[in-house]
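This report walks through a model in an order meant for someone who has not seen it before. Please keep the sequence and the structure at hand while reading.

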Amino acid sequence: MHKLLIGLMVSASLFSTQSVAFDFGKALEDAAKQKIEEVKSGSGAANTEQAKTPAETEATKSATESGATVVPDEKAFNWKNPSTAEEIALGREITGSILGAAPLVKDDKLQQYVNKVGRWVASQSERADLPWKFGVIESSDLNAFAAPGGYVLITKGLYQQLNNEAQLAGILGHEIAHIVQKHQLKVLQKQQLVNIGAGLITDKLSKGNKLAQKAIGSGAEISARSLDKEAEYEADRMGVVLAVRAGYDAFGLPEVLQEIGQTNKTDNSVALLFKTHPHPDERLTKLGDSAGNKLDNLKAGKTLENRFYKLTK
Amino acid sequence: MKIDLHKKNYLKALLLISLASPALGLCGEVGTALKADTLRLTPFADAKTVGSLNKNDAVDILAKKGAWLQVKTKKSTGWVRLLSVKRGGVSSSNQVKGLADVASGRAGTGKVVSTTGIRGLSAEELKTAQFNETEMKKLESYTLTPKDGQKFATAGGLTTTPLAYFKGAQ
């Protein structure tokens with residue numbers, strides 16, 4: 001496990017430095033293709049079948065040959081072009097690991113409320129068909145997380161900063177946008193193709209919960225890393241638009257950014273958020289620049305503070 | 001005619017603001033200009049210019065209306081786009097540090113004091129986290145259908161508004 005994680009980190013840094021020097025992407029693609037072929041034909045270093053019983057191997061084969069529904073843990077994960085089912089399976093692993101670090105707040109009404117708001121906002125997106133899931137987790141940090149396939153978590157600390165439903169809709173809209181644009185998935189794909197190309201891992205995955213561990217180290221590790229700044233700005237822009245489409249006031253997300261911007265940079269509650277995101281001031285500035293006059297003449301959206309589910313601090 | 005309309009809106013805005021001010025968190029606060037922008041007589045992009053803001057100018061936030069904030073600078077009072085102003089002074093974020101640390105039970109050590117019951121979520125904790133199937137099942141149990149979402153929206157009087165995504169600024 002640990003070794004694997006180190007391997008992943010090394011290869012990730014390799015990628016970021018070498019990609020500048022030459023077309024690493026192409027070389028990588030070729031290496032990945034070759035590796036995948038090796039796995040398909042059952043030859044090469046990737047053929048690590050010893051852990052499987054003959055029956056399991058047989059089952060995997062027939063499932064592959066018949067073109068049956070992709071069950072990610074019984075077939076090579078298609079990192080080049082993951083199916084929605086694979087994306088969801090990956091997101092489940094990541095989210096389950098975050099939940100291992102911070103469980104859900106034990107408040108059914110709260111969780112149901114957040115799912116209602118989130119489900120409605122997600123329905124305004126281009127991926128309304130995903131089985132969207134939302135949760136508030138036990139952490140005093142100010143943060144929110146998205147994982148591939150429609151998983152969104154928000155910390156109790158951030159939730160307690162909110163005053164109305166439009167603000168919640170804006171935050172969830174930002175996370176929904178990450179999933180719609182497959183921001184994390186793309187980072188993982190890139191990293192996996194590097195690893196496969198470098199021979200650090202095989203693209204065969206073991207069963208059950210090992211999927212993400214085998215693929216990405218600890219499932220939640222990706223959530224502790226930064227996306228491109230541009231991905232965050234894009235999620236802000238889309239988050240605002242999704243909230244507006246859902247009938248909310250456009251300024252829920254900006255208001256929360258205003259609020260978070262007031263928090264001291266050295267406060268632990270924003271340590272991870274500020275490490276992985278541009279500062280709220282920068283985000284507001286970018287949002288203002290890109291919005292221009294597009295938010296000027298909208299019909300008045302709702303803030304719905306009256307039905308906002310309040311959490312006692 | 002146009003000016004009259006603006007005046008009317010301005011009065012309406014003032015009325016609304018005086019009625020709703022307790023709910024408007026920004027009003028009565030100080031703010032800082034995030035960028036240079038124009039101050040206008042009324043909250044409309046084509047309203048008369050009454051002044052300007054430079055980046056980092058301190059302002060008093062007087063009112064909010066839609067996409068606009070009414071702010072007072074040393075020289076003038078006018079309306080500016082909400083996204084051009086941040087809350088607080090330039091260095092205000094450094095003044096609350098001690099207090100925030102004490103309040104969150106983390107003064108000094110940089111670690112969460114477990115006895116307070118407050119816990120953070122660090123990068124390290126995420127890296128070492130183990131999958132929790134029970135919590136995952138619970139999360140999955142809350143999954144709603146699009147229809148559920150629609151019902152909830154209707155109950156709140158939310159109606160959809162078409163709006164295209166906007167592109168990033170260059």
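Predicted model: local features only at pLDDT ≥ 70, side-chain atom pairs only at ≥ 80, totals over all residues.

From A:Asp108 it is separated by 161 residues in sequence and, C-alpha to C-alpha, by 25 Å in space.

Chain A as a whole contains 13 helices and three strands, and 52% of its 313 residues count as buried. Among the contacts in chain A that link residues at least 6 apart in sequence, 72% join residues at least 24 apart.

Helix 5 of chain A, residues 108-122, has 15 residues and reaches 21 Å from its first C-alpha to its last, close to the 21 Å expected. This helix is mostly covered, with eleven of its 15 residues buried; among them are A:Tyr113, A:Trp120 and A:Val121. The cover over the buried residues of helix 5 of chain A includes strand 1 (133-137), strand 3 (151-155), helix 7 (165-180) and helix 10 (229-245) of chain A, together with helix 5 (146-155) of chain B.

| Core | Residues in core | Residues named |
|---|---|---|
| Largest nonpolar core | 90 residues | most contacts inside it: A:Ile98, A:Val121, A:Ala169, A:Leu172, A:Ile176, A:Ala243 and A:Ala246 |
| Another core, apart from it | five residues | among them A:Phe77, A:Trp79, A:Leu193 and A:Ile196 |

To the largest nonpolar core, which has 90 residues, helix 7 of chain A gives the most, with nine residues. Leaving aside neighbours within four places in sequence, A:Ala243 is in contact with several residues, including A:Val121, A:Ala166, A:Ala169, A:Gly173 and A:Leu253.

Between the two chains, 64 residues of chain B are in contact with 81 residues of chain A. On the side of chain B that touches chain A, strand 7 (85-87), helix 2 (97-103), helix 3 (123-128), helix 4 (133-141) and helix 5 of chain B each supply at least two residues, and the largest share, six residues, comes from helix 4 of chain B. By kind, the residues of this side of chain B divide into 27 nonpolar, 21 polar and 16 charged.

Notes:
Residues numbered from 1 in each chain as written. Chains lettered and ligands numbered in written order. Helix = DSSP H or I, 4+ residues; strand = E, 2+ residues; numbered from the N terminus. Expected span 1.5 Å × (residues − 1). Buried ≥ 20, exposed ≤ 12 C-beta atoms within 10 Å, placed from the backbone. Contact = placed C-beta atoms within 7 Å. Nonpolar A, V, L, I, M, F, W, Y, C, P; charged D, E, K, R; others polar. Core = buried A, V, L, I, M, F, W, Y, C linked by C-beta atoms within 7 Å.
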